[in-house]
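Welcome! Try each task before you read its solution.

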Amino acid sequence: MQGQSGRTRSTVTAMRVGAMLATLAAGTALQAQPAPAPHPLTIDDIMALKTVGGLTCSPDGKQAAYLVGTVDAKADKRHQALWLADLAGDAPRVLVDNPDGVADAQFTPDGKAISFVAKRGKDEHAQIWVLDRRGGEAQKLTDVKGEILGYKWSPDARRLLLTLSDAKPEGPKDDPERPRPLVIDGTQIKEDRQGFVTAEDHGHLYVFDVATKALTQITPSGIADETAAEWSPDGKTIAYLADHRLDPAAPATDWLTLVAPEAKATPRVVAKLAYAFGQKLIWSADGTRIAHLYGDVVKVNEYTQPHLAQTVLATGVTTPVAGALPYSVAFPVSLGAGKVGLVAADDRHEVPLVADLASGAVQRLGDGSLAVADQCDAPDAKAPRAVIASGDGKPSEVYALEGNRFRVLTSHNREVAARVAWAPVEDFAVKAIDGSEAHGLLVRPLGAKPGTRYPAVMWIHGGPTAQDAHELEAISDNMFRQLLAANGYAALALNYRGSSGRGDDYARTIAADWGNKEVKDLHAAYDWAVAQGFADPARLGSGGWSYGGILTDFLIVRDNRVKAAISGAGEGNIFALFGVDQYIKQYSQEIGTPWGAFDRYVQMSEPLLHADRIKTPTLFLGGTADDNVPLIGGQQLYQALKLTGVPTRLVAYPEEFHGIRRPSFQRDRYERVLDWYGRYLKP
């Protein structure tokens, strides 16, 4: 009977071998299966994306350090770590993963160490730490009492040039925790993320001796902030900008100044430059000239499209670099041999350039597929240089830019990018009623069918000196539009008048005339979308943050076609913000005072003064600590709509500034956007 029912050793062995082969075959089949099909973008996908920024490169240009931000759900904050990438292609690695984050990484001049700013242990203020690249733990270098606003290594690495705020007065000895009164003497009394600006909050220059730890103040305390400070190539002089934008004798002016790095040295003003955002000073190799950005005249300085120039230090003569003039430029970096790297805002693109300071010639780099958001100095204009870039369907990563080729170095967002079905992005152009042409981007609903009309949302960028471009950063307006497209909406982005990327005249045409020409451009975009047949005229929406929220307020008071609106950090009454927000320079120089330009203030307060005309259900959002566009703007219009019976809601995010940073609040904002539009555009 055993022969009929029993199993011989050879039979068992054969069965085991067969089972192993079957298992291997099954595993091979599993491996051969295609990856899951990409799915429409979700809020979980957005929260999983990492921010990539803070780029800095080694002196030989072969390595790049940068910061990666990830969501720490347990702590409910975005955590930053310091990473290192090799331009030759070796795998990136994490260098510093500090629980309280890390900022402002820099290589030492010899490239052997990397410094960074971090708060560790019992430190009251963040300090500068140094990490030897050969290994070991980071060592704390400074122990200063004020806030470090910036720092630079001297060419010989023996000193640090620090930009520090003054130490705050200590509390009473009997109760050190008792708050002290805030004493304010300057004209600028508010700054977002800082609150009231006191005398101790201004930045001044110090030299820190690495060996002796001695700290020497080289510019006196006062209300003129010193910024953009840089050592000369020989280490004997420091150049910086003194902020005199509120000085009645020289408004809207940054004073280019030289000073010796020693106590009680006498500063020398070289030139008075019009303010430009993102300023950086680049010394020539022989120390005789400085390349820099420059802005526009007082009245339109807020709309400055920064351009490149250089100043001769002996004479103070400033000369524009002619070839760069058509572009609004940013992120200037030194490329050696009289070359400067720039990024130009050029009509929906952020294009890397190389400018020759001697000839004025400008060379465009890249193939236009990616938008550059940051870049590094490099020893040679022809050598690869590290940049941070993104594009349609391609979230931010670090790349090596080699002529017209981008070579990706990191993969921090690769997994999320691969699993998402990104909606395609199209260019479009419209003509406003007054004949002006505006350019924009359209993100159709994912899977849109020809001939079908969809709810359409105009998601408006802030600034206004900014532009919507072919880019995809983790926290951006483009992410809102992709989320809307994934949920069945057509999302429009328009670079209305006042935006960057179309030259000086296009940007400054809205000076002292907010909510006029821009709204005509937005109306034209709605008309175009309806005429094209994809936008349902009965389901039009609007939304945006900051100036995007402000323009939404202007839209809903004039256009009852808008059936749902979201105004983030907006304002409908400029009277209420004068002296309350951080824009006293702009009010006084561009618009005038409420008593001196009363009619203009009335015109620019139309949303609240005519709130009875608003019929659009509107959600108002903002941070309770926002001193850029304070929540009072949303509060007033919310109260007005409650009194007039229009559906409305106000959401205030506690202790948040102009940019919402707490991850749970970021998620909440995405959820509320979808809920509000779903309620009124998809009944």
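Two strands pair if DSSP finds at least two bridges between them. Keep in mind that this is a predicted model.

**Exercise 1. Find the strands that pair with strand 21, and say in which sense they pair.**

Solution. Start with strand 22 (residues 307–312): strand 21 pairs with strand 22 in the antiparallel sense, over six bridges. Within strand 22, Gln-310 is the bridge partner of Ala-291. Next, look at strand 20 (residues 282–283), which also pairs with strand 21 in the antiparallel sense, here over two bridges. On this side, Trp-283 stands opposite Ile-290 of strand 21. Strand 20 and strand 21 form a hairpin with five residues between the strands, and Gly-287 in this hairpin takes a positive phi near 75°.

**Exercise 2. Is strand 21 largely enclosed or largely open?**

Solution. Buried means under 20% relative accessible area. In strand 21 (residues 289–294), five of the six residues are buried, so this strand is largely enclosed by the rest of the structure.

**Exercise 3. Work out which elements cover helix 5.**

Solution. First check burial: eight of the ten residues of helix 5 (residues 477–486) are buried, so the helix is largely enclosed by the rest of the structure. Among the buried ones are Met-479, Phe-480, Leu-483 and Leu-484. Then look at the cover over these buried residues, which includes helix 3 (43–48), strand 33, strand 34, strand 35 (454–460), strand 36 (490–495) and helix 14 (663–681). Just after helix 5, Gly-488 takes a positive phi of about 90°.

**Exercise 4. Locate Ser-436 and decide whether it is buried or exposed.**

Solution. Ser-436 is in the loop between strand 33 (425–431) and strand 34 (437–443). Its relative accessible area is 17%, so Ser-436 is buried. Leaving aside neighbours within four places in sequence, Ser-436 is in contact with Val-430, Lys-431, Arg-497, Tyr-506 and Asp-521. With Arg-497 there is also a polar contact between the two side chains, at 3.4 Å.

**Exercise 5. How are helix 7 and helix 8 oriented to each other?**

Solution. Two packed helices are described by the angle and the distance between their axes. The axes of helix 7 (residues 517–531) and helix 8 (residues 547–558) come within 10 Å and cross at roughly 70°. The two helices are therefore roughly perpendicular to each other. Where they meet, helix 7 contributes Glu-518, Val-519, Leu-522, His-523 and Tyr-526, and helix 8 contributes Tyr-547, Leu-551, Phe-554, Leu-555 and Arg-558. These contact residues divide into seven nonpolar, one polar and two charged.

Terms used
Residues are numbered from 1 along each chain as its sequence is written. This is a predicted model: local features need pLDDT of at least 70, side-chain atom pairs count only at pLDDT 80 or more; totals for chains, interfaces and linings use all residues. Side-chain values use heavy atoms; hydrogens and water are left out. Helices (H or I, at least four residues) and strands (E, at least two) are DSSP runs, numbered from the N terminus. Buried means under 20% relative accessible area, exposed over 50%, partly exposed in between (1.4 Å probe, protein chains only). Contact means heavy atoms within 4.5 Å. A polar contact is a pair of N or O atoms within 3.5 Å; within protein, one must be able to donate a hydrogen and the other to accept it, and residues adjacent in sequence count only if both atoms are side-chain atoms. Axes are lines fitted to C-alpha atoms, for helices over the stretch in contact, and angles run from 0 to 180 degrees between N-to-C directions. Angles under 35 degrees count as roughly parallel, over 145 as roughly antiparallel, 65 to 115 as roughly perpendicular and the rest as oblique. Ala, Val, Leu, Ile, Met, Phe, Trp, Tyr, Cys and Pro count as nonpolar, Asp, Glu, Lys and Arg as charged, and the others, Gly among them, as polar.
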